[in-house]
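Visitor: I am new to this structure and would like to learn how to read it. Could we take a few features in turn?

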Amino acid sequence: MLWFAAALAFTAATLEPGQGMFELGLAIVGVIVVNGSFSFWQSHRAEQALAALEKLLPQQVKVRRDGREMDIAADQLVPGDILLLAEGAKVPADCRLIESWSLRVNLSTLTGETYPKARSEAAEPAAALDPLAAHCLLLAGTLVVSGEGCAVVYATGMRTECSAISPT
C-alpha cells in the first residue's frame with residue numbers, strides 16, 4: 001500500500017511539479033526502507049535466539065510414547081511426550097515431573113545460580129506464578145546433575161522459559 005502511495009506521489013509530482021509531491025514520495029520510500037530494515041533486524045535476532053537455544057538443548061532424548069521407550073530427535077518433541085531423564089541429561093523442553101528419584105537440577109543457564117536444586121513431582125501453587133521457583137517443573141536448557149525422573153512436556157522451542165531470555 002505504501003508503494004502505491006509513493007507511486008501516486010511521484011505521478012502527481014510529474015503532472016504538477018512544485019507541489020511538494022516529489023518530497024512526499026521520497027518520504028514514503030524512506031518509511032518503507034526503515035520499516036523493511038527493522039523487520040529484517042527483528043527476524044535476524046529471532047534466528048540468532050533460536051540458534052542459541054538449539055545449542056543449549058540435546059540432540060537426542062529418551063521418551064516414552066505409546067507405552068514403549070525410544071530415542072528421538074529433540075526437535076521432534078511435542079507437548080504430552082513423557083521424557084525419561086537421568087544424571088547428566090540436558091532438559092530439552094519445559095516439563096512437569098510425574099516421577100522422580102533424588103532429582104537435582106542445575107539452573108545456572110536460567111538463573112545464574114550454580115548450586116543444584118532439588119526437584120520432585122509434588123504439585124505446588126507456585127508453579128503457576130513462577131516457573132523458576134516451582135519444584136515440580138524442569139525447564140529447557142537446564143542439566144540433571146543427579147537422580148532420575150519422568151516428566152511430561154508442556155512447552156517446546158520458542159515457547160519455553162529459556163527462549164524468553166533475550167541474547168545481548
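Visitor: Which residues does D81 touch, not counting residues up to four places away in sequence?

Guide: This is a predicted model. In it, D81 touches R65, I72 and Q76, and also A151, V152 and V153. As for its place in the chain, D81 belongs to the loop between β2 (68–73) and β3 (82–86).

Visitor: Is D81 buried or exposed?

Guide: A residue is called buried when its relative accessible area is under 20%. D81 has 6% relative accessibility, so D81 counts as buried.

Visitor: With which side chain does the side chain of D81 make a polar contact?

Guide: The partner is the side chain of R65, at 2.7 Å. R65 is also among the residues in contact with L77.

Visitor: Which residues touch the most other members of the largest nonpolar core?

Guide: L77 is one of them, together with V61, L83, L85, C95 and L138. That core has 19 residues. At least two of its residues come from each of β1 (60–65), β3, β4 and β7. β4 gives the largest share, four residues.

Visitor: Which strands pair with β4?

Guide: One partner is β7 (residues 143–155), which pairs with β4 in the antiparallel sense over 10 bridges. Within that pairing, E99 stands opposite C150. Another partner is β6 (residues 137–138), also antiparallel, with two bridges to β4. There, C95 has L138 as its bridge partner. Both C95 and L138 were named above for their contacts in the core. Strand β5 (residues 117–119) runs antiparallel to β4 too, and three bridges join them. R104 has A118 in β5 as its bridge partner.

Visitor: How do side chains point along a strand?

Guide: In a regular strand they alternate between the two faces of the sheet.

Visitor: Where is R96 found, and is R96 buried or partly exposed?

Guide: R96 lies in β4, which spans residues 94–106. R96 has 36%, so R96 is partly exposed.

Visitor: What distance separates the C-alpha atoms of R96 and A134?

Guide: The two C-alpha atoms are 9.6 Å apart, while R96 and A134 are 38 residues apart along the chain.

Note on methods. Residues numbered from 1 in each chain as written. Predicted model: local features only at pLDDT ≥ 70, side-chain atom pairs only at ≥ 80, totals over all residues. Heavy atoms only, no water. Buried < 20%, exposed > 50% of the residue type's maximum accessible area, 1.4 Å probe, protein only. Pairing = 2+ DSSP bridges. Polar contact = N/O pair within 3.5 Å; in protein donor to acceptor, adjacent residues only side chain to side chain. Contact = heavy atoms within 4.5 Å. Core = buried A, V, L, I, M, F, W, Y, C linked by side-chain atoms within 4.5 Å.
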